[in-house]
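Dear colleague,

I am handing over a structure that will be new to you, and I would be glad if you kept it open while reading the notes that follow.

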Amino acid sequence: MLRYLIIRSFQTLIAVLAVATLIFLGLQMTGDPMENLAPQDMSDAQVEELRKAYGLDKPIHIQYVRFMEKLMHGDLGISFLSGEPALKLILERFPTTFNLVMVSMLIAIVFGLPMGVAAAIRADQWVDRFLRFLSVLGISAPTFWIGIMLILIFSVNLGWLPSSGLSSWKHYLMPAFTLSLYRIALFLRMVRSTMLDVLNQDFIRTARAKGLAERVVVYKHALRNALIPFITVAGLQFGALMAGAVVTEKIFAIPGMNRLALDALYADDRPVIIAFIIVTAVLFAVVNLVVDLLYALIDPRVRYA
Amino acid sequence: MKRLWIIGAFILSVAFAGGDKLVVAYQGGAVTLDPHMRNETTTLAWQHHIFETPFFFSREGKVEPVLAESIENVDPNTWILKIRKGVKFHDGSTMTAEDVAFSITRAATHPKSQMKGYVGKVISATAVDGETVEIKTKVPDPLLPAHLDHAAIIPKAYFEKVGEEGFAKHPIGTGPYKFVEWLNADHLTLVRFEDYWGTKPDFKNVVLKNIPQGATRVAGLLSGEIDIAEKVLPQDFARVERSGRATVKQTAGTRVIYVAMDYWREYGSEGLPEGAKNPFLDPQARKAVYMAIDEEAIVKKIMGGAATVAPQFLAKIHEGYSPNITRFPYDPKAARKLLEDLGYGDKNGDGWLELPTKDGKRVPFELRIDAPNDRYLNDAQIAQAIASMLRDIGIKAEVNAVPKKVFFPNMTKGHFTLYMAGWGSMDSINTMLSMFHSKDAEGLYGRFNREHYHNPKVDALIEQAAQTFDPGDRNDLLVQAMDIAMPVDIAYIPLHYENVIAGVAKGVDFTPRPDEYLHAFEAKKK
């Protein structure tokens, strides 16, 4: 087990270095950062002075070596805009995004999983049809539209919920629901179809034949087997939300890391962009590891040694 | 009965707390609270609550003393500045000439200072005595007082004690509000500075918030969470007014949206058919485009009234605004005639005007109009409207609207023939030097004159104005230059000034400034 964890950590490190290199080189192709960084009213000579102060005057390969050296020490550079360490800026906002995504995932699982099971055991009855209809709505409604509609209804017309920020439980309701809607629908559909597959298998027939209660058959035998693909998708969705909740963060003015990264992208604040992508890469690696470990927990046949 | 009392007290406390707190929503947020490191409107607007500068522009565009009492120019390169007496910093210390000299020097010389476009000519600022600062410049700068509007004054002793990073974490200035707490680019909480030297603001507690989405800002305004919302979009005006909770306030801004044309390539201009002659070298062709644009319609239909028709490049409150310039009338027939008279008429009868090519053929007058699609209010739609107006006079115009990140680098590289962009600066000398003066090899003049507009007479007038210390004479010279550049040469086609717009809650009295800085301390209780 320990050996397995060490190997995985080592793989993650390699992946991070590769990602960092790709991003560093990719950003070089987006043009001169001073176009966006330097104010219009500075003279060319003054812009060059600023370029030097930011360390952007050196040839690319020297900038790269310096960047990798610093990266090895966990230093992702200083934000051009704020003058603060880029990693600190991202990590400062990480918990906000994390909390929001956790609440959304929780809502999605609490609703999506049971609804999927319900739809599967009543396949092609009205409950199933109704749930499938809802899930189509959930999958196709754009996040942007849902967010604005929720704000109009609950903040402007009813005055029940605050429209921006994330400082109390009330603030979580609308953005978390906005993010979870698509996932509820996704989980519902996927749990339904894997459950249907499992329910048709021989061991389920055996379980029923030996007289087990239907409840036990469904929840203990069938669901457990349907959980493996579910956890894989849920893990991926978690990662995707952490790095992709940008529209929701923008609509509800939530100070999360996605919004920071978007602003950095517009302003060409490269250290912050790189820090965001590296944090995201590490996060994905961790999520995948957790998912793999969960497999072993659910399926006794899986062993990591 | 007791319960009623409690409820009553609760309602009262909420009402009073609400009445003393002002929440302002911006489209962006300050990225740093170090006042010399980022020259961008929202960052500066947030910082203005904490810091002040020796001089600042009034709403009418006049340069007024703030932390300075007076300034005198003793020789072209030397200024004597008297500081305002009895000004206190938020830590209780009194502002001295030493603080002022230190701050100006930092803004002018710090390697990462973004204020050099304003105070970069300063080579030294030294305290002569407790109240006097001597400022020396490399070259004469007649506009130095105005340029000091970007030199925020900070307390030297405190700054040296806490260092650069510590200062940005807990900044101290002389402004009407004191720093309480903030999250970078998200919000800034402030409390009124009771020892403020000037008129104390009405609201004791202020929160400045970054709410990037226009619809969310309006929602907050209508639900009562926000008292002032910046940049309400025209499509939301009616909803705000109907709500009875807030109203929309507009001021004609200083940012002009304009059309620029290629002035330097006879052949090979990239927005025209291959090999076609560039017609825009002739002022009559530029005039034709000008007269083909129905700007009143653009302001009314596309801008929803959120703009003001611009007769010229500079705005009314700018130095150098000429009272002599009016717009050419909208007259598509006359516009088409101008082009036909230049020999671009429709000879093959397909309805489109034609351009000659180098090898003597004629090709349809096709034109690519370049514009950003995420920089100015309704920018892509304006470009579309111009294209359809040009099609009406026989120019086969198509719009290429792209994100600003793509647009501006291409504009700098001169890849355009006819494009739409915007310009806003309170410094008319800077505007004239960089947009109207011909380009030079060293890049000192005409830095943003990407179309290579050039007229030696205009150049001479601008250069002379840039060296003139008397404000009245300087204004006259700029007006003379503009009277040639705009109506005669048609260096640019002005479209409109973007209005500065704010949604304001009913209990608050506030009108936005033309220079786009939104200041909570200018809000009054009603």
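Predicted model: local features only at pLDDT ≥ 70, side-chain atom pairs only at ≥ 80, totals over all residues.

Residues are numbered from 1 along each chain as its sequence is written, and chains are lettered from A and ligands numbered from 1 in the order in which they are written.

Along the principal axes, the C-alpha atoms of chain B fill a box of roughly 90 × 70 × 40 Å. Of its residues, 50% count as buried, that is, with 20 or more other C-beta atoms, placed from the backbone, within 10 Å of their own. Chain B holds 16 helices and 21 strands, which are DSSP runs numbered from the N terminus (helices H or I, at least four residues; strands E, at least two).

One open sheet of chain B has 4 strands in the order β4-β5-β7-β6, with antiparallel pairing, where two strands pair if DSSP finds at least two bridges between them. The edges are taken by β4 (68–75) and β6 (122–129) of chain B, each with a single partner strand, so one side of each is left without a neighbour in the sheet. Within this sheet, β5 (residues 78–83) and β7 (residues 132–137) of chain B are joined by 5 bridges, and Ile80(B) has Glu134(B) in β7(B) as its bridge partner.

Elsewhere in chain B, β18 (residues 418–423) pairs with β12 (residues 246–261) in the antiparallel sense over 6 bridges, with Val256(B) opposite Trp423(B). Strand β16 (residues 366–372) of chain B pairs with β18(B) in the parallel sense over 2 bridges, and there Asp370(B) is partnered by Tyr419(B).

Turning to the other chain, the contact takes 36 residues from chain B and 30 residues from chain A, two residues being in contact if their C-beta atoms, placed from the backbone, lie within 7 Å. On the side of chain B that touches chain A, α7(B) gives the most, with 6 residues.

With kind regards

Terms used. Buried ≥ 20, exposed ≤ 12 C-beta atoms within 10 Å, placed from the backbone.
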